[in-house]
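Subject: Structure handover

Hello,

Here is the structure I said I would pass on. My notes on it follow below the entry.

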Amino acid sequence: MKYSIIVPVYNRPDEVDELLESLTLQTLKDFEVIIVEDGSIKPCKDVCDKYASILDLHYYAKENSGPGQSRNYGAERSNGEWLIILDSDVVLPKGYLEAVEKSLTSHLLPLPSIAAWGGPDAAHPSFTPVQKAISYSMTSFFTTGGIRGGKAKLDKFYPRSFNMGIRRDVYLQLEGFTKMRFGEDIDFSYRIVEAGYMPRLFPNAWVWHKRRTDFRKFFRQVYNSGIARINLEKRHPGTMKLVHLLPTVFTLGVIGLLLIALFFPLACVPIILYSAIICIDSSIKNKSLWVGLLSIPAAFVQLMGYGFGFIESWWKRCILKQDEFTAFEKNFYK
């Protein structure tokens, strides 16, 4: 067995249906699928049963322990030489696995040197305008610095759990994911590098990534990511870069400008200019003015949600000196 595709699931049967359907269309067939139900109230077993005769599919249900531990649970029951980690909210183009295979066997990437890899994500044409705007805010150079798999980056590439592959022996060597609830995929990528391996970017092995469907859920997601950044720095000192501080600087800057604008209205000009850049760039890339307009609040949610989470985590971890599990017990470790 060449590939084991491992997907942790929590209350997303509809998304699993779309993902499994896309797997039936893969041009390369040497793979198994392992679905790990992580204590869901809305299980996806019926969905998996529908594809059981079409795919080499294995379904497991367990108590909730978070995505990282669920991936480990699936890895322990897998057979592939390569473990492919996907989130349940992705859909694969039919040539996804073929693109992975070509990248692994390329003469430019000798197989023994590849221990782990990741691919970028994109918005599918069928996604809602809000989903497209959120996708833009998570991948644009003007919001995240292009660190999530794009060509232009302010930091080196680290695979993310929505689209990540790793050799089985390396996975076992590193003992899989830790008990972190958020940022566990970046923690895993850091540990891959610290073990002497270099993750590769496979630009052609991309996925459609639905992400969150509304701004409230999106805010909570990026807020948790901001919290995770401090936790990651505590686990891996020196990994925090300038690009990771920009959302917090942006957040404090926007708040400061809005306060100044109460007395000097022209202080809002930088905010207006940034909004215009986001709107124009997103409108061109998505070929939709409406998506461009929605990308403005999406960008502010992405940056300021992350910024507020970062500030909370900095206060609890760096000022109050609380440990990771105590500081966020109510949020993550119930």
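A residue is called buried here if its relative accessible area is under 20%. Please keep in mind that this is a predicted model.

By that cut-off, strand β2, which runs over residues 31-38, is mostly covered, with 8 of its 8 residues buried. Which residues point which way from β2? Phe 31, Val 33, Ile 35 and Glu 37 point one way, while Glu 32, Ile 34, Val 36 and Asp 38 point the other way, and all are buried. In a regular strand, side chains alternate between the two faces of the sheet.

β2 has a parallel partner in strand β1 (residues 3-9), and the two are paired over 7 bridges. Within this pairing, Tyr 3 is opposite Phe 31 of β2.

For the chain as a whole, there are 13 helices and 10 strands. Its radius of gyration is 20 Å, close to the 20 Å given by the globule rule for 334 residues, so the chain is as compact as a globular protein of that length. Along the principal axes, the C-alpha atoms fill a box of roughly 65 × 45 × 45 Å.

Of the 334 residues, 54% are buried. Among contacts with a separation of 6 or more, 78% are between residues 24 or more positions apart. On charge, I find 40 positive and 34 negative side chains, with the centres of the two sets 5 Å apart.

Regards

Key
Residues numbered from 1 in each chain as written. Predicted model: local features only at pLDDT ≥ 70, side-chain atom pairs only at ≥ 80, totals over all residues. Heavy atoms only, no water. Helix = DSSP H or I, 4+ residues; strand = E, 2+ residues; numbered from the N terminus. Rg over C-alpha atoms; globule rule 2.2 N^0.38 Å. Buried < 20%, exposed > 50% of the residue type's maximum accessible area, 1.4 Å probe, protein only. Contact = heavy atoms within 4.5 Å. Lys, Arg positive; Asp, Glu negative; His and termini not counted. Charge placed at Lys NZ, Arg CZ, Asp CG, Glu CD. Pairing = 2+ DSSP bridges.
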